[in-house]
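The entries below record what I looked up, one topic at a time.

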Amino acid sequence: MSWSKKDYDDIPGTYVFDGRRAAMGWPLNKMCMSLNEEAQREELRQDVEGYCRKFDMSDEQIQAVKDLDALAMLRLGGNIYYMAKLAGAYKLSVQDVGAQMRGITVEEFKDMLLKQGQEEV
Amino acid sequence: MATLVGGITSSHIPAVGIATSKRLFDDPYWKPFFDGYIPIREWMVKVKPDVVVSVYNDHGLNFFLDQVPTFSIGAAQYYDNADEGWGLKTMPPVPGDVELSWHIIENLIKDEFDLTMCQEMKVDHGLIVPLQVIWPDADEWPVKVVPVAVNTVQHPTPSAKRCFDLGTSLGNAIRSYDEDLKVVVFGTGGMSHQLQGERAGFINKRFDLDFMDKFVDRYEELTALTTTDLVREAGSEGVELIMWLMMRGALGDNVDLLHSNYHAPISNTGSGVMLLEPAD
């Protein structure tokens with residue numbers, strides 16, 4: 001069994017959500033999908049490990065969720081749209097998560113967005 | 001017969017829905033974005049379309065990764081909105097047009113575009129936000145909607161060319177519907193943005209403006225883009241631009257550009273709104 005090389009593999013800092021990632025991330029993304037319900041979000045917040053175990057997530061995936069470590073989740077097959085539901089459970093915005101993945105502050109991240117909008121083209 | 005009266009491109013990002021609910025129309029951050037919708041709202045008042053066929057993608061409300069249809073279409077009386085995980089305000093159900101949905105399904109499948117048919121379908125921000133920003137004062141939605149959902153989440157996603165070709169068939173189906181209806185097609189999502197990875201926050205203004213320029217009458221240069229081209233140039237979530245091309249396909253070769261506005265950033269994205277009418 002092997003995964004073929006892809007022409008998008010060389011795009012820096014980008015985790016294209018293909019079959020390989022979907023297979024790897026299945027339990028993590030399934031847990032995230034369950035967070036569409038507020039009752040489930042509350043259950044997660046009360047007991048992260050216990051909640052994640054119900055979905056047969058790997059120890060690394062559970063640790064990444066405990067740490068709210070977005071890059072670790074991406075590397076373990078997380079899909080950003082499903083991860084956004086996890087972020088929502090903790091009232092984190094896409095900019096909070098984006099800044100974390102870039103390794104900069106949220107202010108720096110917002111400033112970077114503004115600068116790209118102001119570029120002369 | 002039904003008339004395809006126009007096509008509109010619009011961002012569908014959740015932050016726009018929140019800002020619309022809070023009526024931040026004159027807020028300095030939002031004003032350049034919302035002002036871009038004034039001509040769209042005026043056109044809606046003038047033209048009064050009956051139905052919107054909205055090309056959008058689901059982000060994990062109706063579909064999960066257990067079953068991912070590449071193309072799907074709603075055929076319901078109503079489409080419910082629901083909590084997507086952030087505890088946002090749930091919007092009123094969107095009325096459908098069952099007969100038009102089935103007319104489109106029959107014609108698309110006859111043309112060998114084999115869509116998944118959905119008699120029950122929840123619609124998320126991808127469909128709701130463009131309605132919200134265009135009709136911010138509506139107590140109930142003033143149009144019926146036929147949702148056409150495109151997979152832009154699970155790769156491989158359909159090609160730009162495939163979406164355009166399906167759009168061509170969609171346009172033919174709408175124009176052959178035996179009912180005096182005015183139909184407008186929305187192409188939602190985009191433009192450049194990347195939510196994930198160390199490249200999160202990537203916006204490509206040059207690419208976006210070039211895309212809008214070519215969208216009117218050099219669309220063949222856009223349908224030639226591969227998924228990898230789009231990920232590279234428009235960011236991983238910028239592949240949503242394939243949905244614009246489905247709308248463009250529906251309008252036919254010749255169009256008049258009535259309005260165009262670009263603004264970046266809005267949240268993490270470049271936002272483009274365009275209004276086109278089919279030309280003879």
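The notes begin with conventions and then take up the two chains.

**Conventions.** I worked from a predicted model, in which local features need pLDDT of at least 70 and side-chain atom pairs count only at pLDDT 80 or more, while totals for chains, interfaces and linings use all residues. Residues are numbered from 1 along each chain as its sequence is written, and chains are lettered from A and ligands numbered from 1 in the order in which they are written.

**Chain A, overall.** I counted secondary structure and found 8 helices and 0 strands in chain A, where helices (H or I, at least four residues) and strands (E, at least two) are DSSP runs, numbered from the N terminus. I noted that the C-alpha trace of chain A spans about 50 × 40 × 20 Å along its principal axes. Of the 121 residues in chain A, 40% are buried; a residue is called buried if 20 or more other C-beta atoms lie within 10 Å of its own, exposed if 12 or fewer, and partly exposed in between, with C-beta atoms placed from the backbone. I also looked at contacts, which require the C-beta atoms of two residues, placed from the backbone, to lie within 7 Å. Among contacts in chain A between residues at least 6 apart in sequence, 54% join residues at least 24 apart.

**Domains of chain A.** The domain assignment, which is automatic or from a database, gives domain 1 (14-90) and domain 2 (92-121) of chain A. The centres of domain 1 and domain 2 of chain A, taken over C-alpha atoms, are separated by 23 Å. I found 5 residues of domain 1 of chain A in contact with 5 residues of domain 2 of chain A. On the domain 1 side, α5 (70-75) and α6 of chain A each supply at least two residues, and by class that side has 5 nonpolar, no polar and no charged residues. In this classing, Ala, Val, Leu, Ile, Met, Phe, Trp, Tyr, Cys and Pro count as nonpolar, Asp, Glu, Lys and Arg as charged, and the others, Gly among them, as polar.

**Where the chains meet.** I next turned to the interface, where 38 residues of chain A are in contact with 33 residues of chain B. The elements of chain A that give two or more residues to this side are α1 (19-33), α6 (80-89), α7 (94-102) and α8 (106-118). Those residues of chain A divide into 21 nonpolar, 10 polar and 7 charged.

**The sheet of chain B.** In chain B I traced an open sheet of 8 strands in the order β6-β3-β7-β2-β8-β1-β10-β9, with mixed pairing; two strands pair if DSSP finds at least two bridges between them. The edge strands are β6 (116-118) and β9 (255-266) of chain B, each pairing on one side only, and the twist averages 15° from one strand to the next. Strand β1 (residues 3-10) of chain B runs parallel to β8 (residues 182-188) of chain B, joined to it by 7 bridges, and B:Gly7 stands opposite B:Val185 in β8(B). By contrast in sense, β9(B) and β10(B) pair antiparallel over 9 bridges, with B:Leu257 opposite B:Leu276 in β10(B). These two strands form a hairpin with 2 residues between them, and B:Ser267 in the turn has a positive phi of about 55°.

**Core and packing.** Which residues have the most contacts inside the largest nonpolar core? They are B:Leu245 and B:Met246, in a core of 118 residues, a core being a set of buried Ala, Val, Leu, Ile, Met, Phe, Trp, Tyr and Cys residues joined through C-beta atoms within 7 Å. Not counting residues up to four places away in sequence, B:Leu245 touches B:Ala160, B:Cys163, B:Phe164, B:Gly167, B:Tyr219, B:Leu222 and B:Thr223.

**B:Tyr219.** I followed B:Tyr219 to the loop between α7 (205-217) and α8 (220-223) of chain B. B:Tyr219 counts as buried because 20 other C-beta atoms lie within 10 Å. B:Tyr219 touches B:Lys214, B:Leu245 and B:Arg248, again not counting residues up to four places away in sequence.

Key:
Axes are lines fitted to C-alpha atoms, for helices over the stretch in contact, and angles run from 0 to 180 degrees between N-to-C directions.
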